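Grab a pencil and work through these exercises one at a time. Each task comes with a solution you can check on screen.

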Amino acid sequence: MHLHFKPLGLAAAIALAFSPAIHADDDDSSATPPSSVSTSAGQVNVETLATLEYPWAMAYLPDGRLLVTEKPGRMRIWSEGSLSDPLQGVPEVVYRGTEQEQGGLLDVEVDPDFASNNLIYLTYAEAAQGQSEALEDSGDARLLSPDKSDNIVRGGVVARARLDGNTLHDLEIIWRQDPMTVGRGHFGNRLNFDADGMLFVTSGDRMRFEPAQSKESNLGKVVRINKDGSIPDDNPFADEDDAKGEIWSYGHRNILAAAFDRDTGNFWAFEMGPLGGDEVNLVKRGENYGWPEVSDGSHYANQPIPSHAGDDEYEKPVRSWTPVVSPSGAHWYDGELFSGWSGSMLVGGLTSKGLVRLTFNGEKIAMEERIVLDQRIRDVIQAPDGAILVIVDQEEGGLLRLTPAQ
Ligand SMILES: [Ca+2]
C-alpha cells in the first residue's frame, strides 16, 4: 500500500474551504483557431493537420516521425500527412475522464541514443498495487474530485520501452511518485534530457502542499535520474539520510512546462501558480523554490500566501505571470524558418490560449512576446523543417502547424 495521508497543514486546511475552481480550467476553447496571426516574425499561417482526443505531448523520432500522446491512454504517430492507429503496448493508465482529470497518459520523450537503442520514455498515472476498498476520496476541492466514488490511489510514473514499428516492447517502470494518493491533480510529469543524457522529471505536489518541502517525498520536485532510473552520485541529496536521492530541486507546485536553453544549458521551468502567480524559474541544483510557504499567487478564495520576498531563503522566480498563462509545454527553438526566433524559448499556455516566446540574457529574461491562438495550447515542438507544431487541449484537439506566411 502507498497510503500516506498526513495531517493537513495550515495551507491545505485553508484550501479545503474553497470552491473547486482550478487554475487551468477556465473555459473550453471551442472556437476555431485563426488562420493567420501577426507576430514579430511577420504574418504566420495556422493550419490544422489532425485532430486528437486531449493530446498532451509530442516528441520527434530521428527519422522525422512525430509521436503524440492522448491523455485517455493512447499514443499515435503523425507521419507523411496521416495519423496512425493507436500504438500497441502502451500501458494501462488511470484516467477518470472528467474535464478536471490531470492524469492519464502524459509526456513522451525520445532517448538521445534512439538511433542505436530504440528507447522512448513515457509518463502516466498508474494505479497503486493493493487498492483499498475502504478508502474513499473525501471529495474535497483540492483533489479535483467531483464525487466521492473516486478511491483509486495513483501516482505518476516514468516508464521506458523499446519502440519497434508501431509497437512498444519490454516496458519497464523506472521511477514512481511517492507517496501515491487519491485525487486527479498536479502530477507534473514533463520529461527532458540534458546535453549529458541525464533525465529530468517534473513532479507535481498532487495538491498536497507540504510534501513539496519534504525531501522524504519526491512530490513537488524536479528529479534527475539516469536513463535506467538509478540515482546519479552527484545529485545534491544523494548522500543525505532520509532524503530521496533523485531530488534535484524542491518547493515546486506543479511544473507542466520545462525545457533546456540549449545555448547555455540552463533548465527553465514554468510553474502553475495557484490563483495568479505562475512562475518562470531557473532550476538550480539543490535549491528550494518556496512552495507552499511562499508564492506570488494566492489561494483560491483570495486567502493570501506570503509572496516571494527579497530576504527570504527561497529561490525567487525570474518572472511571475498574473494574469496567469497556465504554462503547459515548452520547447527551445533553434530553427531558421521564423526570422529572428532562433534561440527562443516557446511556452504553450492553456489560459493564455497561445504561445509565449522568451529570449534570455543568461539568467535573465531579455524579451517576452505573446502569440495569441485562441486555443488552450498543451504542448509545442519544432518540426525538422523549422515549422512550429502545437497541440490543443480539448476533446477534439487540433494538431496545428505554424509557418511564416511568405
Ligand atoms: Ca516559488
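**Exercise 1.** In what order do the 4 strands of the open sheet come, and is the pairing parallel or antiparallel?

*Solution.* Two notes before you start: residues are numbered from 1 along each chain as its sequence is written. This is a predicted model, where local features need pLDDT of at least 70, side-chain atom pairs count only at pLDDT 80 or more, totals for chains, interfaces and linings use all residues, and side-chain values use heavy atoms, with hydrogens and water left out.

Step 1: the order is β7-β8-β9-β10, with antiparallel pairing. Strands here are DSSP E runs of at least two residues, numbered from the N terminus, and two of them pair if DSSP finds at least two bridges between them.
Step 2: find the edges, β7 (105-110) and β10 (167-176), each pairing on one side only.
Step 3: look at β9 (residues 154-164), which is joined to β10 by 7 bridges. Arg160, for example, has Glu172 in β10 as its bridge partner.

**Exercise 2.** Work out how β11 sits and what it pairs with.

*Solution.* Step 1: in β11 (residues 188-193), 6 of 6 residues are buried, meaning under 20% relative accessible area with a 1.4 Å probe, protein chains only.
Step 1: β11 pairs antiparallel with β12 (residues 199-203) over 4 bridges, and Phe193 stands opposite Leu199.
Step 2: check the turn. This hairpin has 5 residues between its strands, and Gly197 in the turn shows a positive phi of about 80°.

**Exercise 3.** Classify the ring pair Phe200 and Phe260.

*Solution.* Step 1: recall the cut-offs. Rings of Phe, Tyr and Trp (its six-membered ring) pair if their centres lie within 6.5 Å; planes under 30 degrees apart are stacked, over 60 edge-to-face, and the rest tilted.
Step 1: the centres of Phe200 and Phe260 are 5.3 Å apart and the planes stand at 80°, so this pair is edge-to-face.
Step 2: Phe200 is in β12 and Phe260 in β15 (residues 255-260), 60 residues apart.

Notes
Buried < 20%, exposed > 50% of the residue type's maximum accessible area, 1.4 Å probe, protein only.
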